[in-house]
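Colleague: Could you take me through the salt bridges in this model? I would like a close look at the pairs and at how open their residues are.

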Amino acid sequence: MSSVIGALSNPKRTYDKVVNDLTVLKSIWLKPLAPADADHASRLDHFYRDQAHAYDGFRSNFLWGRRPMLAACAARLEGKSNLVWVDMGGGTGENVALMAEFIDLSAFSAIYVVDLTPSLVEVARKKVKAKGWTNVFVEEGDATSWHLPLHYSDGTETKADLVTFSYSLSMMPPFHAAVDNAVENILDEKRGLLGVTDFFVSGRFDLPQRQHSYLRRVLWQAVFDQDGIALGPERRAYLDHKLNRVMEHNSDGTIPYVPGFMRAPYYVWLGCHPRSSQLMRRARSGIDLSGVEEKFHRPALFPPTFLYSISWEDPRADDPAFMVGEGDVVLTLTGGGCNAMDMTLSGAARVVCVDMNPAQGYLLELKLAALRNLSFDDAWKLLGEGKHENIEKLYLCKLAPFMSQGAKRFWGSRLHMLDGKNKSIGTGLYLMGSMGWLVYFSLLLQWWIWPARYFVRKLVSAPTLEDQRKLYNQLTPNPNSILGIFHQLMWWVLRYVLLNHYMLWLLNGVPKAQSDLIKKHDGRSIIEYAQTTFNGAALNTHIRTQNYFYLLCMIGKFTKECCPRFLKPAEFEKLKADENRMLDSIEVVTGKFKDALLAGVYTRVILMDHMDWMDASYHHDLASTLRDHVSPGGRVIWRSSSIEPPYSKVMEQYGFEVRRVSYHDKPDACIDAVNMYASFWVGVRK
Ligand SMILES: C[S@@+](CC[C@H](N)C(=O)[O-])C[C@H]1O[C@@H](n2cnc3c(N)ncnc32)[C@H](O)[C@@H]1O
């Protein structure tokens, strides 16, 4: 709609744009091919000559990989100066203008735009002049043989910090020679980064993250082939062979004047010389961006998002029983991921976070990328308040370059939820995922029912625990009064609307097996269970200062006074110190818990409540695997919705000294700030 209004408001510009686009389309689709015996340079000029003046306008809505590729390169050059960049097949020099969005061009002592097509070189030269770029040099040359003209004072040739091929490698028939020239003659071996973006089709059998169907492979190769553009997988295979891949992303984008469902596949690929260890380190972000990335499918019955946006285990209650310290190797379910940061802050050498639901991993990737690459203020807005007014830019420049392809797909389509400019109460990180619906419901209730809003505001700002208790106790009025009837009504709504099987699973992540443990095994009703949970937490933990779990549910965000440890300024800085050393110890794995357990030996294991979800054969199987993969003296902790879960005995049978640390022993018992589980256990490997 806005584009229609824009078009009508400036008809002359719209007319010019359409004429220019038609010129480009004519060159692409209708222009006769150059004579077969023409050399590469002549063929290129034949193709570009008539469209050179209109190139930039059309390509701005077509070459979608340029900005993410340049942003990912810029993120890895941040803070450096005196850089040299060579843009091979740089065409009209538009990449230089785009790069200025991500890094101050004065960080470069020289930028070379190298291209073989005279008509495009001419456009680039005019652009350099018009923009007043004094450090940009446009060179007419062949990417397979062009050399940097500069020399250091000792006579050796200057090397480039960055070489890019933006939609040009597919147009260079001798692409091996172009890559060889860049790697062997131009790129600095120690600190050089090579960035590529281009259209592509996968091989018949390719890496999972690249794989295309038969139709896509055949269709797009046929379409591009007529303009002499080769999309096959051999370019990337050669890049992977010559360099160390730092990251890659495979996606697709729209084409002007072509229906939106016909999206052309493109990739962004970054690599460096094996000796560029510094760059490799910055690229890790807890996930291996250089490896093979499986296409993860969410398990059956899981919603297409994460269930938990925060860890629903109180790490302060874990500490005395779990005792994580220097050098510990921890395996934990990922969940909301917050507690991984706590453990690395406590000195753990390695924290492996595993979850079957890929979206839980994507959430942790977002948190890790934010902690690594954002300032405290920006990270606080995103992870503390759940929104940032500049999220698009932050995402492109600081977060996405350090995330896996799966995480980028997930977050790329959900950025509107994190947009601080959107004031709707339904947006924000903690309004996302299944748990987000619960928070949304709580906020809506406060919005609609003024007394509820008034009460919640009083509760979350109660000066002391004593004041909070007094307020909370007012919630249990005389059952025969009007307030009492309203109170009964609210519990009734809670019981039938929120605490039925379906809602327990969809909003709270409590499957049927777990609610059966409460009802059938312990003989407690769900409502009785919920009352102990809320009463215990509300009467024993000060929400304003101590209980960030319920604070979040009531106000949809954290406060600086009450938030997970990693959002406290001192801890935040500690995590980032020494080039994110602590954060480097966190690994994000999508898969089955048992497979991750089998893959290593651990000194600490957190089972959370997942044994509640499983049957007896799984309990025996897991307990025996734990016996073999937890080192002697190692500790395993778990929580259960049952006061006496049957599998605690199973753990004893498999060589663990088991102790119930705390449990719901009275109606308003409080075992931790969450208080959502009936018991908390530790098993020490004998
Ligand atoms: C699709 S354009 C991309 C231009 C620019 N990099 C961009 O992203 O807008 C491909 C470019 O590769 C250039 N090119 C193709 N073969 C080349 C070669 N052997 N040496 C230098 N440039 C070459 C073409 O002249 C053309 O400008």
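Modeller: Happy to! Searching the whole structure turns up 34 salt bridges, each being a side-chain nitrogen of Lys or Arg within 4 Å of a carboxyl oxygen of Asp or Glu. Please keep in mind that this is a predicted model, where local features need pLDDT of at least 70, side-chain atom pairs count only at pLDDT 80 or more, and totals for chains, interfaces and linings use all residues. Residues are numbered from 1 along each chain as its sequence is written, and side-chain values use heavy atoms, with hydrogens and water left out.

Let us begin with R67 and E101, whose side chains meet in a salt bridge at 2.5 Å, N to O. R67 sits in helix α5 (residues 66-77) while E101 belongs to the loop between α6 (94-99) and β2 (108-115), so this pair ties together parts that are 34 residues apart in sequence. Helices (H or I, at least four residues) and strands (E, at least two) are DSSP runs, numbered from the N terminus. R67 is partly exposed at 35% relative accessible area, and E101 is partly exposed at 32%; buried means under 20%, exposed over 50%, and partly exposed in between, using a 1.4 Å probe and protein chains only.

Next come R316 and D314, with their closest N and O atoms 2.9 Å apart in a salt bridge. Here R316 is partly exposed at 42% relative accessibility, whereas D314 is buried at 5%.

There is also a network: R210, R236, D240, R245 and E248 are joined into one by salt bridges that share partners.
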